[in-house]
Amino acid sequence: MRKFLVALMVVFAILSLAKTTIVFWHHEAPAHRVAAFQKVIKLFEKENPDIKVIQQVVPWGDAWTKTLAAIQSGTTPDFQFSIPELTITAYLANAIVPVDDLIKEIDSKYKYIKSQLAPYKFNGHYWGIPIWTMPMILLYRPSYLKKYLGTTEPPKTWDELLLAAQKITLLSSKEGETIYGIGLTAGDNLCTQEQVYTIMSNVGVKVFDEKGNLTFNKPETWRAVEFYKDLYKFSPPGSTGWAWGEIEMNFTAGKIAMMPYFGGLQKRFYEMKNYDLDGAPQPYPVDGKEANLIYPNDVHIFKSAVEKGHLEAVKKFILFMMRPDINAILTAEMEPGSFVPVTEAAQKSDQYWNNPVIKTFKHLNEVIIRATNYGTLYGFEHGYAANLAIGSISGANVIAEMIQKVVTGEMGVKEAVKWAESKMESFLK
Amino acid sequence: MNRGMLLILPVVILALLITAVPLVNMTYKSLQKTMFGFGKERFIGLENYVNLFTKDEDFLPSLWRSFLWVFENLLVQLTIPMLIALLLQENNLFNRLSRTLVLIPWILPLVVISVVWRWLLEPNIGYVGYLLRSVGLNSPSFFGNKALAFHTLVLINSWHFIPFGTILMLAALSTVPQSLYDAAKVDGAGAFQRFIYITFPMIGRTIWFVALLAFMWSFNTFDLIWLITEGGPADSTLTLPVYIYKLAFKMYNYGKASAASVVSTLILIAVAYAYFKVFSPKKEGTR
């Protein structure tokens, strides 16, 4: 018996030594997101018994400091979920490896939506692998449009949007109700930045030119900021202090009729059994273009994975995550409407469309999927990162601060845009 | 070295470790051009300090805002606790119950306070807005209005501090001998005169102490402001601690953030020193 136990321990030790353990960080702290990651890990480990995967949660608020601290102390995980700004930070800190081969492989197997790759290409290489994306579209409450505009057709142009927002605000007020035509924020935060940029993208605002020189202080930017300012008049009071929580609560509570936003709110509507929700492409001026903000989320691989000999295991896991049936767990199952597939195969997969939330709001999700093709992100308008200072510019919320100055009356439109460009300039130095 | 010195040595070492080492490190970083995580640091002398005072468009306004923040907080945090303490001074059942209830804001964590007030004061779906609308008033945008956000935050911060000040004042009031009041009454002193000539001088030391604490804590307030407004709208609540945080953890400019922290520390030390020298009740008493 004793010999048997010793033999068993030896076998166990050999087996555990043979197993490769890879560690990744992500920043999705809510319990259901952690559970979705664990589900993917479990399925992967079942298919790959020689690899053990460990997820570690680092909340978004700590993501930058912990990443930089880990790089400095040499304690990075093998790979990490990220967004363009964080990937640029890790790249500038000389801590990650190029992933061109993986991009090529995934593209040939599942066909990447090209717009999603742009934020991860700099200096001729890809440094992040998009896993899912977050497109901003025009969310609206069809019943409000019907009641106050006499149609369920959402506005298509800037003029129509402004008029619709004005009509809903004024007519509802006449009836003694407090419904605002549009939901816009002007807080000093990312939420504002993203809403503003969605408007900017409609008139082709570019932060940098192709060579990375600042090109923000231009007539198209003035035009977009002016429009945001006009539209903002029909947004709820107090939204200069708003972030994600407030705008979502106000929209859900029925105080807002339309807003440029991510589609993730559908999950809350589904849970409340409220089906008064739909989406449309972001309206644009007649001489503008269909465009919206996208936020592709990627994974980047740290050099430490190569040093530890974990690179192959990491690549295997990433390829596994991109399999359409698995990708549906990380998108439709984890955050339906908010996290959206970035490959054509995953966007068409049954696993994605059979999700009960996605199925319930089918039209809204079709709009969201369509928006992934027209998406762009500030600083990456040329299909690559024209200037890596965009990470710091975004982190400092320069665009949000600029809008605050305009809507609070502290500065005029042109003055604020000029101020923003000079602030951006300081990051370039 | 005598035995007494040996006994306090561990405490001295510990105190040095947790105060002197970070201070020295902060001062050293303030003389460097450093972007955390990006390459090597470079010595640049006083350049960070010069930049703060000459080129940085946010530093001086945030410093000024910090002083304003302290002034407003002190005003509320000294007067209200004093008034509440005077009201609750008498020992009866109602006052005993009130003394317990008044403590509630003090025991709540600042994170909870921030979230609760942020939602209570949300103009469209918050409860305060609902109450105002129900009496026919419009709800102002407490945190979205440049003119209101700062003062609203002062009130919330003070709401949290008031119980602490009240308890200290109540404790001080209980030490004033009743015989003094009785004697003053016999001499014909009214309530106001009794307060000015007996109560105030007798609890002066406590007021002095509460003011010092309120100053230090207010000047360093970060969590409440960051959680509610992040320094906005349009920088109207951007005080020095919030700006230092932004410099360090949003822009990664640790050198400049360290320089701003050194300035902040020097200000606190200078004010504390002046406060002890000029306003110390001990000095008053020895005159």
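Predicted model: local features only at pLDDT ≥ 70, side-chain atom pairs only at ≥ 80, totals over all residues.
Local features are reported only at pLDDT of at least 70 and side-chain atom pairs only at pLDDT 80 or more, whereas totals for chains, interfaces and linings use all residues. Residues are numbered from 1 along each chain as its sequence is written, and chains are lettered from A and ligands numbered from 1 in the order in which they are written.

Chain A contains 21 helices and 14 strands; helices (H or I, at least four residues) and strands (E, at least two) are DSSP runs, numbered from the N terminus. The radius of gyration of chain A is 23 Å, close to the 22 Å given by the globule rule for 429 residues, so chain A is as compact as a globular protein of that length. This radius is taken over C-alpha atoms, and the globule rule is 2.2 Å times the number of residues to the power 0.38. Of the 429 residues of chain A, 54% are buried, a residue being buried if 20 or more other C-beta atoms lie within 10 Å of its own, exposed if 12 or fewer, and partly exposed in between, with C-beta atoms placed from the backbone.

Chain A is divided into domain 1 (11–132 + 297–365) and domain 2 (136–293 + 389–428), with bounds that come from an automatic or database domain assignment. The domain centres, taken over C-alpha atoms, are separated by 30 Å. In total, 13 residues of domain 1 are in contact with 14 residues of domain 2, contact requiring C-beta atoms, placed from the backbone, within 7 Å. Helix H4 (84–92), helix H17 (356–360) and helix H18 (362–374) of chain A each give two or more residues to the domain 1 side.

The largest nonpolar core has 141 residues, and those with the most contacts inside it include A:Leu139, A:Ala257 and A:Met259. Such a core is a set of buried Ala, Val, Leu, Ile, Met, Phe, Trp, Tyr and Cys residues joined through C-beta atoms within 7 Å. Its largest share, seven residues, comes from helix H20 (residues 398–407) of chain A, and at least three residues are drawn from each of domain 1 and domain 2 of chain A.

Strand S9 (residues 256–262) of chain A is mostly covered, with seven of its seven residues buried. Strand S7 (residues 136–140) of chain A runs antiparallel to S9(A) and is joined to it by five bridges; two strands pair if DSSP finds at least two bridges between them. Within this pairing, A:Ile137 has A:Tyr261 as its bridge partner. Strand S8 (residues 180–182) of chain A pairs with S9(A) in the parallel sense over two bridges, and A:Ile182 is partnered by A:Met258.

In chain B, B:Val70 is located in helix H3 (residues 59–87) and is buried, with 22 other C-beta atoms within 10 Å. B:Val70 touches B:Phe215, B:Ser218 and B:Phe219, residues up to four places away in sequence not being counted. The C-alpha atoms of B:Val70 and B:Ser218 are separated by 5.5 Å, although these residues are 148 apart along the chain. Helix H9 (residues 178–186) of chain B lies largely in the open, because the number buried among its nine residues is zero. Just after H9(B), B:Gly188 adopts a positive phi of about 90°.

How values were computed:
Contact = placed C-beta atoms within 7 Å.
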